[in-house]
Amino acid sequence: MQQLFNFFIKNKTFVLFLLLFSYALSLTIQSHDYQRSKFLNSSNQITGSIYATFHSITQYFNLKKENQILLEENSRLRMTVFNQKKTATVDTLLEYKYELQPSLIYKNSYSLPNNYLTLNKGQNDQIEEDYGVITSKGIVGVIDGTSKNYSRVLSILNTNSRINVKLKKTNYFGTLSWDGESPEITQLKDIQDLVKLSVGDTIVTSGYSSTFPPDIPVGSIESFRLNDTKDLYIIDVKLFNNMRTLEHVYIIKNNDINELKALNNFNEQ
Amino acid sequence: MNNNSVLKIILSFISLVLLQVLICSNINFMGEINPYVYVIFVLLYPVINNRLLFIFTSFLLGYTVDIFLDSGGVHAAASVVIAYIRPLILKFSFGSAYDYQSIKFSTVEFSRRLVYFLLLIVIHHLILFSLVIFDETKSVLILQQTLYSSVFTLILCLLFSSLFSRKET
């Protein structure tokens, strides 16, 4: 026992180094595994408020471009309203299945294999995990952690991201993931080789999960090839969103999500 | 270590973290090349020090950057390694001056400082990108990213170190 103590005291630098290094290593391994990455992250109060302060200075640089995007979206929405046959009556008592909340991106990242974004809405705004995040052009990611005032988004540019999407033309569905290479291109897998594909086909969300409503645009087919076993396609999807210059996003709240969760819990009991 | 230098270290800790996460990690030069200037904290930490405290502070620095960037523990791991092996590199690049513990980073000749910076930065970045990419089949990509980012970091670190050393004299 005495010798053991002596050994530790003699090599205390090495022991400390080994302890800290293995702790950092375990954090790294856990961060590569989506199911367990629930550690301190950028959506906590301190880092969130620092990003908020910095953002309040830099937000003015993009105002012109963001205005343009908002105007374009507005005109597109007005066009659909004007061209609708029946005018929908605005009913304040109407309950919507999906609610949208506008939000700002405080931290964006796209150059790592595992990218996360930080948003300025949190539990105080009734934001919870598994809510979808989109822009006017397409999907961005899924919320995977919240604090009081901030939340963290698992970007579609994250090798752990899995999103259920389908081909708009034929309704065949598959899983959208990312290989970590180019921030413009994601990969769609699980589409069978019988399906007819052509470059430029639109990919939209399938609506089979409670995160995203159906038919939100995702991207278009850039190229496709068969996988090693020659039975499934690997499709490169060019995203409609430019993930480098995101600023304003919408958080989608599914009002049925609690009902669905309750049903699942009921089954388990 | 007197109070003045402790304060200096704390201030440089905070400002380097902020510089890194708010500006340097958003440069994305040519798409994805970022400098990691916070390593200059480990490079220029006083030579006469409490080694345990030094290793722990370096770990804390890396971990703080990790929390901001949501990267798990990659920066913490890389920083703690270079903090641990720094005496070896010091001895290798400065030779006898290190034995007498009389190194002043502001006065050593440029070539020696370059070697010292280069070695630690390359080791740091190699560990960093191995852990970030975490895929043994992509070793070419790891080496590529290490090379590009190291050059970027090295230039900035040399720039910073000459800026601050001029102030001292």
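Helix axes are lines fitted to C-alpha atoms over the stretch in contact, and the angle between two of them is taken between N-to-C directions. The close-up views below are of a predicted model.

**View 1. Crossing of helices α1 and α3 in chain B.** Helix α1 (residues 3-23) of chain B and helix α3 (residues 51-69) of chain B have axes that come within 10 Å and cross at roughly 35°. The crossing of α1(B) and α3(B) is right-handed.

**View 2. Residues at the contact of α1(B) with α3(B).** From α1(B), the residues B:Phe13, B:Val17, B:Gln20 and B:Val21 take part. Their counterparts in α3(B) are B:Leu61, B:Thr64, B:Val65, B:Phe68 and B:Leu69. By class, this contact holds 7 nonpolar and 2 polar residues, with no charged residue.

**View 3. The side of chain B that touches chain A.** Chain B gives 26 residues to the contact and chain A gives 23 residues. On the side of chain B, two or more residues come from each of α3, α4 (74-94) and α6 (110-133). Helix α3(B) provides the largest share, 7 residues. In composition, this side of chain B has 17 nonpolar, 6 polar and 3 charged residues.

**View 4. Helix α4 (residues 63-82) of chain A.** Helix α4(A) is hardly covered, and the count of buried residues among its 20 residues is 0.

How values were computed
Residues are numbered from 1 along each chain as its sequence is written. Chains are lettered from A and ligands numbered from 1 in the order in which they are written. This is a predicted model: local features need pLDDT of at least 70, side-chain atom pairs count only at pLDDT 80 or more; totals for chains, interfaces and linings use all residues. Helices (H or I, at least four residues) and strands (E, at least two) are DSSP runs, numbered from the N terminus. The expected span of a helix is 1.5 Å times one less than its number of residues. A residue is buried if 20 or more other C-beta atoms lie within 10 Å of its own, exposed if 12 or fewer, and partly exposed in between; C-beta atoms are placed from the backbone. Axes are lines fitted to C-alpha atoms, for helices over the stretch in contact, and angles run from 0 to 180 degrees between N-to-C directions. A crossing is left-handed if the near helix is turned anticlockwise from the far one by less than a right angle, and right-handed if clockwise. Two residues are in contact if their C-beta atoms, placed from the backbone, lie within 7 Å. Ala, Val, Leu, Ile, Met, Phe, Trp, Tyr, Cys and Pro count as nonpolar, Asp, Glu, Lys and Arg as charged, and the others, Gly among them, as polar.
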